[in-house]
Amino acid sequence: DALHFIQNLKVRTSYGEMGDDSGASYDWAAGYSYPSGGSGDGNKGWYNGYAPGWMFGGQFIYGASPKAMPNESISWYKSKSFNIGFDFSAWDGKLGITFDYFIRKRTGLYMQPGDFPTVIGADAPRLNANSDQHMGVELEISHRNRIGEVNYGLKGIFSLTRNKYLTAVQNATYANSYDKWRHDNLNNRYQGVQFGYTSAGRFTSWEDIWNYDIYHERDVLPGDYKYEDWNGDGEINGLDEHPFAYDQTPWMNYSFNIDASWRNFDLNILFQGSAMGSMRYEEPLYRIWGYEAAAGGTLEQFWDRWHPVDPTADPWDPTQEWVSGYYAYTNHNPYGNSEFNRVSTAYLRLKSVELGYTLPKMKSLNGMSLRIYANAYNLLTFTGVKFVDPEHPDSDLGRLYPLNKTYTFGLQLSF
């Protein structure tokens, strides 16, 4: 009786092991590739799109190249999956919770080590050697209630996933611990992290440039970018790159739904979003002319840039006054993978809103129902991303057609 308010409580768990030979390619057998090698592979004799071969008896005969040495011990890779979760509902639907934790570990993934010495005359065989791990949590919280004549429901869904490479035997030894930390992204390393440069502000004047105590190039102008001397060696170079941003694929996704009804009116609202992701602006959003002169004209946002008050003045004249802006002076671009050019793709979008009204039924048409509704789709988006859709930030390098907002009015007739 003490737990009478609980309508449902269920604990779920599962475990499974399976083999998967997707990607297997007769690695256990000796053989030849015909025509030789892969299409266009210069190392296999291809030239200018033509496969290698020889003339015999006035007829051209394609060449063949041996496949990698066979590995008779190769097998499918193994996948072990574990899931645990629970379902809970109480107080007649006023609180509902569903939670899941999952983890999948794969071992024996196919990989091909480095090349054999050429005296062997064959490529190294593939091995069952690598491994990775994928894990995450999912949480759903819901609430349903009635207040007077108003029925309403709330539901929030949240998911967080991580991917980790455990073993990559093809990665060679490294010169030192820093070299391994910086360049080995496949051994005991979580994925989804970007290395790059963090911001130390902007050069705001010639005095700022002249008095800056970190080495910089001689072509620096007011408005140019300062970077953090992360390792403290007095200059900015590749050794200052460090983890500073998430990858483009977000770790976290979420949604929130509201539905309500009052008499003959009904309302449904859906929010969705993601977090813990980032994007890098590419051409033509990265630099004023893009990478190709033929790519088209300049986008209007580049008017908001640092420039001398007199547009015809020599920008290297220290007596000139400058107008500040969001971008640096023309063709003074930030490092591509830095805080100046990589931004968070976190967003919250009002995905849809629908309001409807169902007309009272008439006695003469007792089996018919008529509903009038209005719907808005992609109505609002809250994000720090500019000029592109945060859900598809690099599609067509930022040239993707802007996201459409859709408004619909309709009638729904049912019998």
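My entries below cover the pockets and then a surface patch.

**Ground rules.** I worked with a predicted model, where local features need pLDDT of at least 70, side-chain atom pairs count only at pLDDT 80 or more, and totals for chains, interfaces and linings use all residues. Residues are numbered from 1 along each chain as its sequence is written, and side-chain values use heavy atoms, with hydrogens and water left out.

**Largest pocket.** I found about 450 Å³ of space in the largest pocket. Of its 17 lining residues, Glu217, Val220, Tyr225, Tyr227 and Tyr335 are the closest to the centre. A pocket here is an open set of points on a 1 Å grid over the protein atoms alone, where a 1.4 Å probe fits, with protein on both sides within 12 Å along at least five of seven lines; lining residues have an atom within 4 Å of a point. I sorted this lining into 9 nonpolar, 4 polar and 4 charged residues.

**Second largest pocket.** I noted a volume of about 340 Å³ for the second largest pocket. Its lining has 22 residues, with Phe387, Val388, Asp389, Pro402 and Leu403 nearest the centre. Strand S22 (residues 369-383) gives the most to this lining, 5 residues.

**Surface patch.** I then looked up a nonpolar surface patch of about 410 Å², made by Val150, Trp262, Phe265, Leu267 and Leu355. Leu355 sits in strand S21 (residues 347-358). Why does leucine 355 count as partly exposed? I put it down as such because its relative accessibility is 46%, and partly exposed lies between buried (under 20%) and exposed (over 50%), with a 1.4 Å probe and protein chains only.

Note on methods:
Points joined across faces, edges and corners; volume = space filled by probe spheres on them. Nonpolar A, V, L, I, M, F, W, Y, C, P; charged D, E, K, R; others polar. Helix = DSSP H or I, 4+ residues; strand = E, 2+ residues; numbered from the N terminus. Patch = residues over 30% accessible without salt bridge, like charges linked within 9 Å, V, L, I, M, F, W, Y side chains within 5 Å. Areas by Shrake-Rupley, 256 points an atom, 1.4 Å probe, with all protein chains shown as cover. Salt bridge = Lys/Arg side-chain N within 4 Å of Asp/Glu carboxyl O.
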